[in-house]
Amino acid sequence: MKIVVVALATVEPDQFFQSSLMRRRCDIDDFRALKRTAKFTSSLRDDLCATFNYMQFLESNLLTILILLPVIGGIGIGLHSVFAPYRDEKQYKWIALAVTVVTFAVSLILLSGADNSELSTFRFEQNVPWINALDTRYHIGIDGISLWLVLLTTLIMPIAVLSSWTAIEERQPSYYIFILLLEAAMIGVFVALDLLVFYLFFEASLVPMFFLIGIWGGKKRIYAAVKFFIYTAIGSLLMLAGIIALYYSFGTFDYPTILRAMNDGSVVLSVATERLIFGAFALAFLIKVPLFPFHTWLPDAHTEAPTAGSVILAAILLKLGTYGLMRFNFPLFPAASRYFAPLIITLAIIGIIYGALVAMVQPDVKRLVAYSSVSHMGFVVLGLFSFTDYGMQGALYQMLNHGVSTGALFLLVGMIYERRHTREISEYGGLVKPMPLFSTLFVFASLSSVGLPFLNGFVGEFLIMMGMWNSTYQYAWVATMFAATGVIWAAVYMLWMLQRVLFGRITNEANRRLPDLNFREIGLLAPLLILMVVMGVYPNAFLVRTRDSIEQVRVRVASPQGGGTLRYAENVTGSPQTRIEQRP
Amino acid sequence: MTNHWLSLIVAAPLIGAVINWLVGRRVRSEAFIGFVACASIGVSTVIAFILAFTDNNGAGAALFSEPARPVMSHLWTWMEVGNFRADVGFAMDRLSGIYVCFVTFVGLLIHIFATGYMHGDKSYYRFFAYLNLFMFMMLTLVLGDNLLLMFVGWEGVGLCSYLLIGYYVDRKEAGDAAKKAFIANRVGDWGVILGIMFVFFITAAAGAPSISFFEKTDLTNLVGNQVPAMTNAFATIATMAVDPFTINALIAGGLTSAAILLFIGATGKSAQIPLFVWLPDAMAGPTPVSALIHAATMVTAGVYMIVRCSELYVRAPTAMAIIAVIGAATALLAATIGLAQNDIKKVLAYSTVSQLGYMMLACGVGAFSAAIFHVMTHAFFKALLFLGSGSVIHGMHHEQDMRRMGGLKKYMPITFATMLTGWLAISGIPIFAGFWSKDEILYKTFSTQSNSFGLILWFVGLCTAVITAIYMTRLMVMTFWGTERFAEAHAGGQGDEAHAQAFADKKTTAHDAQTATIDDRQHHSPDEHVGAATSHASHQVHAVHDEHDDEDAHEHHGLAHGQKPHESPLVMTLPLIILAVLSVFGGLLGAPYALSLGAIDNPFHHTLEPVIAHEPNFVGGAANGADDAHGSPATTETHSAPVSANEHEGVPHGEGATAAHTPEEIFTERVLAGVSILLAAFGIGLGWTYFQRRPLAQMPRLLENKYYVDEIYDATIIEPIKDGSRVGLWRILDVGVIDGIVNGVGTVAREAGNGARQLQPGFVRSYAAIILLGALLVIGYFAAALAR
């Protein structure tokens with residue numbers, strides 16, 4: 001925390017200390033000390049700036065830095081463990097924690113100046129040629145759609161590292177290397193604006209996860225890991241084919257360039273081609289989501305993965321799918337998106353109810369939460385394909401909510417797993433007596449997942465249902481009514497689980513003396529719990545930044561002529577080549 | 001007009017809850033916790049009464065300002081997407097003003113009572129934190145200035161109800177009841193969410209998208225910024241035509257659909273058919289909770305919502321008819337079940353369901369002010385009865401079975417005297433509060449013009465009134481008169497509510513009741529029991545708590561040998577006395593012209609009138625224009641006070657009828673009142689003569705088992721869903737079909753690759769290694785390309 005404050009103070013000392021907010025927060029001694037430190041660091045900054053404008057450097061390379069920080073951390077751990085290993089490999093988690101925390105702190109700069117208007121185009125853009133033979137460019141940038149997802153990623157990762165603190169005892173260096181590489185890949189996915197770069201990051205996120213499940217997972221980890229890998233690899237191979245098909249049509253992998261060509265009408269995909277490529281992309285993303293009936297990898301992967309793996313999987317990796325739909329499928333293939341929407345909406349609604357019903361009867365806590373993810377992600381897909389502002393904003397918000405709530409639930413489940421080494425609901429019961437704090441937080445996270453108003457889940461679900469209701473499909477209201485039963489089922493399976501795990505008499509003597517949460521566990525849950533309240537009570541802070549970006553996608557995908565324009569496809573002056581040449 | 005003190009009404013209980021949760025849990029001082037809890041509600045109460053009754057900022061009191069203008073406090077915009085906006089802002093108009101006053105006041109009394117009742121409880125702080133949280137949510141519900149914020153309170157009270165029903169966390173039946181309550185409410189909430197969307201899209205189609213109850217203009221938020229204007233959704237609805245009275249209107253997607261969806265929510269929260277089953281089970285919570293949440297405040301939220309949305313309902317005659325029928329049916333059904341229950345709280349629970357049915361009936365026939373009036377008087381006398389029963393249970397050391405009571409009036413004179421007034425009030429004896437409100441509902445039902453079967457509904461209501469008098473008399477007789485059965489009952493077995501229930505359901509012998517508690521017993525040694533018993537005798541109160549180990553601290557066991565029931569301490573009897581006074585005189589606020597012989601002209605009704613809707617079809621041609629005048633606080637602002645006064649004297653319309661007092665109407669009202677007084681007296685007489693002689697008479701099994709509704713729901717809905725999900729969806733579809741296909745494809749691929757098998761060692765980890773190698777090669781290739 002202090003580091004962040006000092007960093008802020010260093011960057012803009014004058015504004016920072018003039019802000020009355022800061023004055024109120026610090027007591028006077030702290031304030032003076034801070035001011036001294038800041039004076040020192042800012043003079044240091046001035047010295048640095050004399051030779052090298054690092055703010056400009058930071059701003060123009062911020063996303064690359066975000067991607068590279070974890071990679072460097074991972075390489076660092078790797079080199080250290082090979083050449084100068086600690087006697088106790090438990091030290092490596094500290095490096096991982098430091099790296100993820102720093103990455104999170106740096107990622108907060110993304111919020112700077114990010115008011116509504118600036119997010120209608122890509123910010124922090126970087127666009128350099130990469131493989132000229134393939135006309136591939138290293139093109140990255142964020143807008144309102146990816147902003148919060150990147151921040152969610154960088155927030156979840158330190159929490160994931162902390163949750164592995166005592167749970168992971170074997171091969172710690174490689175474990176944390178995989179975690180850090182995974183973080184880099186996931187950030188890369190959210191910021192990539194070149195289809196090939198996107199694909200590489202998309203695939204790259206698969207590999208560390210595969211190993212996390214396969215090496216540190218539960219009893220059936222090999223089966224789960226292979227199933228996870230094959231399922232998603234099949235999807236992404238199809239996407240690769242789609243990307244290549246686009247390349248042959250447009251002669252580039254660059255996403256804005258392709259959009260521009262579509263806008264100009266210089267390249268027109270035939271209806272059949274558009275649908276085919278849409279299908280290739282959509283299948284990859286819908287498997288990742290996962291949409292019913294492509295979901296059966298999820299319960300196995302979630303259940304067998306170590307806690308951190310489940311958390312990352314639920315909180316971030318699933319969002320890769322819905323993010324891909326919103327980022328690529330809708331703007332690139334608007335007509336095909338509309339064509340397939342009724343089918344996908346039907347599957348989403350089936351998924352909402354089906355996921356909930358199956359979750360209800362699971363005897364395994366983790367599996368229950370996993371199936372609840374199927375239900376919740378069904379809501380997200382529903383909102384996306386409503387093609388309304390309510391629905392799509394709600395869907396993006398629900399992605400974040402699901403990350404926070406389900407992430408917290410997996411963490412909590414992991415905590416009792418670590419104590420009892422069982423996931424069977426019937427093994428528990430009456431935990432509220434030995435673990436009152438755990439029980440309170442578990443109830444809290446469950447209520448957020450159930451969608452209690454003033455907690456985060458409600459906002460997303462409500463907006464999604466409104467969006468569906470307001471969509472132009474026939475019988476949209478019937479669909480909404482079915483989808484809305486999801487809120488009932490959610491209460492049924494969560495409360496039933498809570499009752500069997502937390503309440504009642506202690507039936508198993510092993511539960512009688514369980515220790516309650518320790519400071520580390522409270523600390524790693526706290527940010528998520530605070531977010532649940534903040535996101536539930538003041539969602540506007542989030543919605544305002546996503547509005548413009550989503551509205552552009554919506555207008556493009558919802559207008560019947562397949563028209564509509566994306567500002568970031570228009571505003572770019574000149575071709576990418578000319579822009580790059582202007583750079584030193 | 002802006003007045004941010006309003007927000008403190010809502011915030012104070014939240015602050016109290018937070019203090020008790022964070023500080024109280026460490027302090028562990030009952031005095032501190034009780035003080036924080038009561039003081040926070042006290043602050044709310046004082047501010048609520050000041051805002052409601054005094055002229056603040058020269059703008060007039062919330063209850064009496066002319067023209068009717070709400071006091072408002074806008075805090076921040078909650079969510080804003082497209083043309084949809086929901087605020088976090090509060091408003092007190094005449095309706096919410098009345099509501100807030102009795103909610104905070106009754107709430108305060110119950111908090112005070114609870115400090116005595118919960119004395120010695122292990123997690124005292126938790127109880128009061130929950131109770132304060134509940135008050136926060138309830139006040140949010142009532143004061144929320146738009147539908148979605150009301151829904152926050154709506155779900156929030158449901159949550160607190162869940163937490164408090166399940167307060168005794170290690171009792172299975174408490175957990176089951178809590179879950180059942182939450183889920184039944186969730187089924188209703190499904191309707192509310194959709195109803196809110198419906199209202200929004202209906203108003204959006206009319207060009208003024210809004211879910212706000214009030215027009216928001218010229219408001220400033222906490223930091224003094226201007227609040228963007230907002231139209232009143234129900235003023236927009238008030239300009240719309242009345243839906244036709246057909247079944248098809250229900251699914252036509254118009255006003256009727258919205259109305260019925262919202263009503264589904266009301267059936268959940270206000271325990272109407274078909275979702276009433278949760279309320280009787282909710283009695284597993286501590287008794288003050290039953291009084292506060294499950295009698296006086298939360299369960300009337302459905303009525304509040306319907307009255308709040310009255311502009312919508314008067315334009316949806318089909319929905320109104322359905323509400324009236326369901327209300328009447330619920331009233332009768334619950335009253336008959338109440339006749340046969342032996343648990344004192346269960347009787348009161350079914351009585352609550354029955355009274356809520358009356359309120360719904362009133363809403364359904366368009367007598368909205370009568371509904372709210374009954375909500376208020378019911379809050380007085382039902383809170384009194386519940387607290388009285390709490391006092392009895394407390395004095396009997398947590399015995400709830402009336403068959404083991406009897407003759408208590410000698411031991412608990414104050415409790416007896418106060419419950420006596422509650423009994424007379426609910427039975428409908430004149431002067432007492434319940435008479436005025438119940439009779440107004442019956443009269444309005446009889447004379448309704450919104451449907452053609454008012455006479456039948458009136459008859460049902462009348463039958464219910466008789467049965468109410470009978471079962472309440474049975475309760476009083478079994479508890480306070482007759483032989484003292486607690487001594488002999490104790491010999492049979494120690495009962496807490498779980499045991500009592502087993503006893504009641506199975507008609508088992510005492511021996512069976514004991515076997516049912518074997519699980520509980522394992523935690524006691526016989527010696528402990530003796531210890532407990534002697535301490536009961538020596539310490540007057542509650543020593544019992546300390547004698548048991550933690551787990552069983554709240555499982556009480558009735559009276560020990562030779563022990564006598566005792567009167568409760570002052571903190572418990574004082575609220576009873578205050579509520580008793582209100583139960584006697586509170587009803588005079590709404591005494592109609594005809595029955596008070598012209599002395600009082602229903603001030604309650606006249607206060608509420610400007611903020612509730614009237615049926616537009618009664619006003620004739622000028623329906624919409626004239627209606628607007630009464631329709632909503634926003635539009636009334638445009639009319640000056642004399643205008644509305646003129647309208648009162650003018651053509652009688654709908655509810656305004658009493659204002660005109662034609663001789664025929666006065667005559668009808670008096671005759672009907674006479675009939676109901678006679679029937680109430682008959683009911684009491686019948687109950688008295690029958691149960692005085694046979695207090696333990698066997699009641700019909702069908703009633704005792706609650707018409708087997710729970711069993712029917714279990715067999716037809718719950719079990720099929722569970723089994724279908726487990727076997728059909730999970731084992732067959734998920735694991736069998738989908739995974740079967742996936743694994744099948746895998747198998748085929750493996751068979752096909754048999755030839756290549758020699759190349760591979762067969763360890764999955766080596767496959768992974770190969771995959772990694774491939775990935776590295778690809779990455780390496782690109783890296784090399786980049787370098788070039």
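Student: How many salt bridges are counted between chain A and chain B?
Tutor: Keep in mind that this is a predicted model. A salt bridge here needs a side-chain nitrogen of Lys or Arg within 4 Å of a carboxyl oxygen of Asp or Glu. Between chain A and chain B, the count by that rule is two.

Student: Which residue of chain B forms a salt bridge with Lys227(A)?
Tutor: Lys227(A) belongs to a network of salt bridges that also links Asp300(A) and Arg367(A) with a residue of chain B. In the salt bridge between the chains, the closest N and O atoms are 2.6 Å apart, and the partner of Lys227(A) is Asp739(B).

Student: Which helix gives the largest share of the side of chain A that touches chain B?
Tutor: Across the two chains there are also 19 residue pairs in polar contact, both at pLDDT 80 or more. The side of chain A that touches chain B divides into 53 nonpolar, 13 polar and eight charged residues. Its largest share is 14 residues, and they come from residues 476–502 of chain A, helix α20.

Student: How much area is buried between chain A and chain B?
Tutor: The contact involves 74 residues of chain A and 67 residues of chain B. Phe454(A), Trp469(A) and Arg505(A) supply 12% of what chain A buries against chain B, more than any other three residues. Carbon and sulfur atoms give 73% of the area buried between the chains, which is about 6,600 Å².

Student: Is Glu551(A) buried, partly exposed or exposed?
Tutor: Glu551(A) meets Arg554(A) in a salt bridge of 2.7 Å, N to O. Both lie in helix α22 of chain A, three residues apart, about one turn of the helix. Buried means under 20% relative accessible area and exposed over 50%. Because its relative accessibility is 28%, Glu551(A) counts as partly exposed.

Student: How many residues apart are Arg308(B) and Asp93(B)?
Tutor: These two form a salt bridge, with their closest N and O atoms 2.9 Å apart, and both are buried. Arg308(B) sits in helix α11 of chain B, while Asp93(B) is in the loop between β2 and α3 of chain B. The pair links distant parts of the chain, and the separation in residues is 215.

Student: What percentage of the residues in chain A are buried?
Tutor: Chain A has 24 helices and two strands. Among its contacts between residues at least 6 apart in sequence, 79% join residues at least 24 apart. Of the 584 residues in chain A, the buried ones make up 64%.

Terms used:
Residues are numbered from 1 along each chain as its sequence is written. Chains are lettered from A and ligands numbered from 1 in the order in which they are written. This is a predicted model: local features need pLDDT of at least 70, side-chain atom pairs count only at pLDDT 80 or more; totals for chains, interfaces and linings use all residues. Side-chain values use heavy atoms; hydrogens and water are left out. Helices (H or I, at least four residues) and strands (E, at least two) are DSSP runs, numbered from the N terminus. Buried means under 20% relative accessible area, exposed over 50%, partly exposed in between (1.4 Å probe, protein chains only). Contact means heavy atoms within 4.5 Å. Buried area is the accessible area (1.4 Å probe) that two parts lose on being put together, summed over both. A polar contact is a pair of N or O atoms within 3.5 Å; within protein, one must be able to donate a hydrogen and the other to accept it, and residues adjacent in sequence count only if both atoms are side-chain atoms. Ala, Val, Leu, Ile, Met, Phe, Trp, Tyr, Cys and Pro count as nonpolar, Asp, Glu, Lys and Arg as charged, and the others, Gly among them, as polar.
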